[in-house]
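Here is a short tour of a protein chain for anyone who likes to check a model before computing with it. Have a look at the structure first, and then read on.

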Amino acid sequence: MQFVKRYPIPIALALAGVIALGAGAVLLTSKSSSSSGPKISADVKGKGYNRTVVVQVKDRKNGAPIRGAEVTAQGQMTFPHAMNFIDKPLREVSSGTYRGPYTFIMKGNWTVNVDVVDKKGKESKASFPIVIG
Ligand SMILES: [Cu+2]
C-alpha cells in the first residue's frame, strides 16, 4: 500500500474502500460498450498482479453464446497515472466463453478494454474498470 501514502487522505480512503471491495473474483460492470454487435460481459479472476480475464460473448438479441470470435483484452492503467499495455488474445474455452492470463503490473485503477470481432466481422467493444491493490 506504499503508493497510497503519496496521496491526500480522502483519496487514500476512497482507494482503500475500493480495494477492499475489489478483493477476489468480481463480476465486472461494463463502463462503456458498443450499442450494436455481440454483447460482452467480463470477469477478472484471481488476486495480485497475475489475473485471468474471462469474457462471455452473446448475441445481443437472443442471448445465444457466440462461438469462434476473435476476442482480445487490453489493460489500461488510469490512476495514479495513465499507461497502456498490449492487446492479448483470449482463447475460447467453451461455447462463447473466452479466457486468458493478463498481468497487471502495478497497483492502481485499471480499465480492461475488450474487443470482439465475430465470424461475420462485426466488432463490439466494452470497457470494465478494475482495481488492482
Ligand atoms: Cu502504471
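## Confidence in the model

Please keep in mind that this is a predicted model. The protein chain has a mean pLDDT of 84, and 80% of its residues reach 70 or more. Among the elements, strand β7 (residues 97–103) has the highest mean pLDDT, at 98, while helix α1 (residues 9–21) has the lowest, at 42. Over residues 1–24 the pLDDT is below 50, and this stretch has 13 contacts in the model beyond near neighbours in sequence. Where pLDDT is low, the predicted coordinates should not be read in detail.

## Overall layout

The protein chain has 1 helix and 9 strands. Read from the N terminus on, the order of elements is α-β-β-β-β-β-β-β-β-β. Of the 133 residues in the protein chain, 24% are buried.

If you take the contacts between residues at least 6 apart in sequence, 56% of them join residues at least 24 apart.

## How the strands pair

Let us start with β7. Strand β4 (residues 50–58) pairs with β7 in the antiparallel sense over 7 bridges, and here Thr52 has Pro101 of β7 as its bridge partner. β6 and β7 form a hairpin with 2 residues between them, and in its turn Gly96 has a positive phi of about 80 degrees.

Now for β9. The antiparallel strands β8 and β9 are joined by 10 bridges, and Trp110 stands opposite Ile130 in β9. Their hairpin has 5 residues between the strands, and Gly121 in this hairpin takes a positive phi near 90 degrees. Strand β2 (residues 32–33) pairs with β9 as well, in the antiparallel sense over 2 bridges, and Ser33 stands opposite Ala126 in β9.

## A cis peptide bond

One backbone detail is worth a look if you plan to prepare the model. The peptide bond from Phe79 to Pro80 is cis, with omega near 10 degrees. Pro80 lies in the loop between β5 (70–79) and β6 (83–94).

## The nonpolar core

Which residues touch the most other members of the largest nonpolar core? They are Ala42, Val53, Val55, Val57, Val71, Val112 and Val114, out of 23 residues in that core. At least two residues of this core come from each of β3 (39–45), β4, β5, β7, β8 (108–117) and β9 (123–132).

Leaving aside neighbours within four places in sequence, Val114 is in contact with Ile40, Ala42, Val55, Val71, Ala73, Lys125, Ala126 and Phe128.

## Asp115 in strand β8

Asp115 is found in strand β8. Is Asp115 buried or partly exposed? Asp115 has 19 C-beta neighbours inside 10 Å, so Asp115 counts as partly exposed; the cut-off for buried is 20 or more.

Leaving aside neighbours within four places in sequence, Asp115 is in contact with Thr72, Glu123 and Lys125. The C-alpha atoms of Asp115 and Glu70 are separated by 8.0 Å, although the two residues are 45 residues apart along the chain. As a general point on strands, the side chains in a regular strand alternate between the two faces of the sheet.

Technical notes:
Residues numbered from 1 in each chain as written. pLDDT = per-residue confidence, 0-100. Helix = DSSP H or I, 4+ residues; strand = E, 2+ residues; numbered from the N terminus. Contact = placed C-beta atoms within 7 Å. Pairing = 2+ DSSP bridges. Core = buried A, V, L, I, M, F, W, Y, C linked by C-beta atoms within 7 Å. Buried ≥ 20, exposed ≤ 12 C-beta atoms within 10 Å, placed from the backbone.
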